[in-house]
Amino acid sequence: MITDIVIIVAAALFIGVYVSWRAGRIDRLHARVDMARAALDATLLRRSSVALELATSGLLDPATSLLLAGAVHGTRGGDRPRDLAESDLTRALRAVFSQPDFRASLNGKEGADELLAEVEVAAHQVFLARKFYNDVVAATREARRRPLARVLRLSGRASAPEFFEMDDSLVAESSGAPLGL
Amino acid sequence: MKIGITCPYSWDVPGGVQQHIRDLAEALIDEGHEVSVISPADDDTPLPPYVIGAGRAVPVPYNGSVARLSFGFLSVSRVRRWIKEGGFDVLHVHEPEIPSLSLLACWVASGPIVATFHTAIPRSRVLLVTYPVVRTGLEKINGRIAVSEAARTTLVEHIGGDAVVIPNGVATRRYRKADPLPGWPGPGGAIGFLGRLEEPRKGLPVLLKAFEILGPQRPGLRLLIAGPAADPGEVLHRVPAGLRDRVVLLGQVSEEDKVRVLHSVDVFCSPNTGGESFGIVTAEAFQQVLRGGEAGELFATGDAADLARAAGRLLDDPARRAALSAAALAAVADYDWSVVARAVLSVYETVVLGSTQVAVTASGSEFP
């Protein structure tokens with residue numbers, strides 16, 4: 001009799017601890033998604049500001065400047081969805097950077113090397129931040145999909161996080177069309 | 001006059017600006033002027049003798065869609081060389097607010113510059129952002145032309161300054177002679193329509209209604225309809241079943257076939273219901289038919305019965321049709337590219353007054 005009660009209490013305790021651990025995990029994953037998203041937004045913002053700096057630097061011809069500025073402008077709350085606008089900026093940067101002898105044409109111009117390097121670093125950080133963000137989104141979505149989480153609604157009212165898909169490669173992929181377009 | 005014209009868009013892609021430049025250049029050459037056009041173009045594109053290719057245009061997102069433009073230091077050096085070797089009296093740039101050859105030409109050139117603005121300029125803030133860079137180019141323009149009142153308004157609002165409005169011309173030469181489509185117009189006569197089938201302002205339903213009246217009265221009469229439609233079946237369904245086999249839908253047709261369509265019918269009908277600034281279709285149809293009663297028959301707007309009466313009268317009277325055609329040929333001359341070209345020429349003549357030839361400046365000279 002006593003042993004039965006002990007077993008039941010122990011089992012209830014174990015289940016309670018397990019369920020709350022699972023709920024806590026989902027909660028932590030959601031918090032990580034928010035952090036990763038903030039980091040991704042920061043890298044996107046940084047990329048668009050260095051792209052704008054390049055556009056207005058006077059290093060480039062006016063057509064290229066206008067093209068880049070137009071793409072930056074598109075990422076700043078236009079009517080185009082964010083992912084498409086950011087992909088447009090990637091493609092504009094890629095079109096500029098992939099001109100033959102682009103670097104050579106800027107050789108010896110003051111500040112050119114630093115600015116180009118800054119754009120490349122910013123673009124690479126977007127690539128990294130997006131990868132990390134999508135990783136944690138995938139883990140969160142997987143955790144939410146588990147039967148226990150679904151039955152007990154462990155994720156509460158938080159909606160499932162969405163992947164962020166965009167073209168973020170400054171280098172044209174060898175398999176794709178020229179410039180990936 | 002030696003005239004240098006810049007085209008911002010790829011020559012091998014069909015488009016309104018390219019077409020405009022082609023017609024303008026050919027009209028100017030016909031008037032005895034020396035014209036050189038520089039345009040982005042793929043290396044293997046066959047170009048008319050007056051066009052210089054500026055290399056392949058790069059597809060790049062601009063303004064929410066992908067445009068094929070020429071930019072970058074290589075384009076700068078090509079434009080510089082073209083201007084240096086051209087010895088132009090006047091430089092005519094098209095769409096200098098687009099990041100392509102025209103903007104570059106403004107940047108590296110000095111001397112008389114005329115600019116034509118074709119469309120609304122939606123991204124005024126972009127212009128502001130890069131203002132110092134772009135301003136240098138745009139400020140050098142001595143004479144500005146807008147192809148429509150709408151284009152002029154956006155120009156005034158977003159860039160400031162003013163422009164003269166010189167509308168597009170119609171290359172009447174191209175419309176004068178063509179082979180009718182095989183079997184057209186046929187012994188029973190034919191009525192033609194050109195335009196987007198589902199655009200209410202083009203008024204196709206009025207013509208279909210009129211055909212319901214005319215069709216049973218004239219057993220051989222056919223309807224030839226050319227123009228794009230999302231659902232051609234739906235259009236055909238509006239015609240009574242008994243008449244359906246006498247209605248031919250061609251879908252979207254090429255420029256050449258458009259002319260052939262006009263030559264394939266006895267009566268061309270433009271049932272436009274209004275609300276359009278200047279229906280280009282109507283201007284083109286002048287060549288075949290109309291001008292306010294003296295070069296074409298008019299009917300009450302939207303009135304199918306009146307249209308049926310007017311069309312019936314014309315179908316029965318070949319002499320009247322011939323007279324109207326002749327009058328239309330004279331009427332359309334006012335819209336011909338040669339007339340438009342003369343209007344553009346007088347802008348050229350104004351800006352070259354007291355000015356030297358077009359030359360290159362130091363801008364962009366650091367580009368090899």
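This is a predicted model: local features need pLDDT of at least 70, side-chain atom pairs count only at pLDDT 80 or more; totals for chains, interfaces and linings use all residues.
# A chat about chains A and B

Biologist: Okay, is A:Leu40 buried or exposed?

Modeller: A:Leu40 is buried, because 22 other C-beta atoms lie within 10 Å, and the cut-off for calling a residue buried is 20 or more.

Biologist: What is A:Leu40 in contact with, if we skip its neighbours within four places in sequence?

Modeller: With those neighbours left aside, A:Leu40 is in contact with A:Ala129, A:Arg130, A:Tyr133 and A:Phe164. A:Ala129, A:Arg130 and A:Tyr133 are also among the buried residues of helix α5 of chain A.

Biologist: And how far is A:Leu40 from A:Glu142?

Modeller: Their C-alpha atoms are separated by 21 Å, and the two residues are 102 residues apart along the chain.

Biologist: You mentioned α5(A), so how many residues does it have, and what distance does it reach?

Modeller: Helix α5 of chain A covers residues 112-145, which makes 34 residues, and from its first C-alpha to its last it reaches 50 Å, close to the 50 Å expected at 1.5 Å a residue.

Biologist: What do its buried residues pack against?

Modeller: The buried residues of α5(A), including A:Val119, A:Val126 and A:Val137, pack against α1 and α3 (82-97) of chain A.

Biologist: Switching topic, which residues touch the most other members of the largest nonpolar core?

Modeller: That core has 102 residues, and the ones touching the most other members are A:Ala51, A:Leu68, B:Val79 and B:Ala105. The element that gives the most to this core is helix α1 (residues 2-55) of chain A, with 10 residues. Domain 1 (2-169 + 338-360) and domain 2 (173-335) of chain B both contribute residues as well, so the core lies between them.

Biologist: How far apart are the two domains of chain B?

Modeller: The C-alpha centres of domain 1 and domain 2 of chain B lie 36 Å apart.

Biologist: Now the contact between the chains: how many residues does each one bring?

Modeller: Chain B brings 29 residues to the contact and chain A brings 23 residues. On the side of chain B that touches chain A, at least two residues each come from β4 (58-62), α2 (73-86), α3 (101-108), α4 (124-129) and α5 (131-138) of chain B. The largest share of that side, 5 residues, is supplied by β4(B).

Biologist: How do the residues on that side divide into nonpolar, polar and charged?

Modeller: The residues of the side of chain B that touches chain A comprise 19 nonpolar, 8 polar and 2 charged.

Biologist: What about β4(B) itself, how is it placed?

Modeller: Of the 5 residues of β4(B), 4 are buried, so this strand is largely enclosed by the rest of the structure. It pairs with strand β5 (residues 65-69) of chain B in the antiparallel sense over 5 bridges, and within that pairing B:Val60 has B:Ala67 as its bridge partner. The two strands form a hairpin with 2 residues between them, and B:Asn63 in the turn has a positive phi of about 60°.

Biologist: Last topic, what is the strand order in the 7-strand open sheet of chain B?

Modeller: The order is β3-β2-β1-β6-β8-β9-β10, and the pairing is parallel. The edge strands are β3 (51-53) and β10 (164-165) of chain B, each of which pairs on one side only.

Biologist: Which way do the residues of β8(B) point?

Modeller: B:Ile113, B:Ala115 and B:Phe117 point one way, while B:Val114 and B:Thr116 point the other way, and all are buried. In a regular strand the side chains alternate between the two faces of the sheet. With 5 of its 5 residues buried, β8(B) is largely enclosed by the rest of the structure.

Biologist: And what does β8(B) pair with on the β9(B) side?

Modeller: There it pairs with strand β9 (residues 143-146) of chain B in the parallel sense over 4 bridges, with B:Phe117 standing opposite B:Ala146.

Notes: Residues are numbered from 1 along each chain as its sequence is written. Chains are lettered from A and ligands numbered from 1 in the order in which they are written. A nonpolar core is a set of buried Ala, Val, Leu, Ile, Met, Phe, Trp, Tyr and Cys residues joined through C-beta atoms within 7 Å. A residue is buried if 20 or more other C-beta atoms lie within 10 Å of its own, exposed if 12 or fewer, and partly exposed in between; C-beta atoms are placed from the backbone. Domain bounds come from an automatic or database domain assignment. Two residues are in contact if their C-beta atoms, placed from the backbone, lie within 7 Å. Ala, Val, Leu, Ile, Met, Phe, Trp, Tyr, Cys and Pro count as nonpolar, Asp, Glu, Lys and Arg as charged, and the others, Gly among them, as polar. The expected span of a helix is 1.5 Å times one less than its number of residues. Two strands pair if DSSP finds at least two bridges between them.
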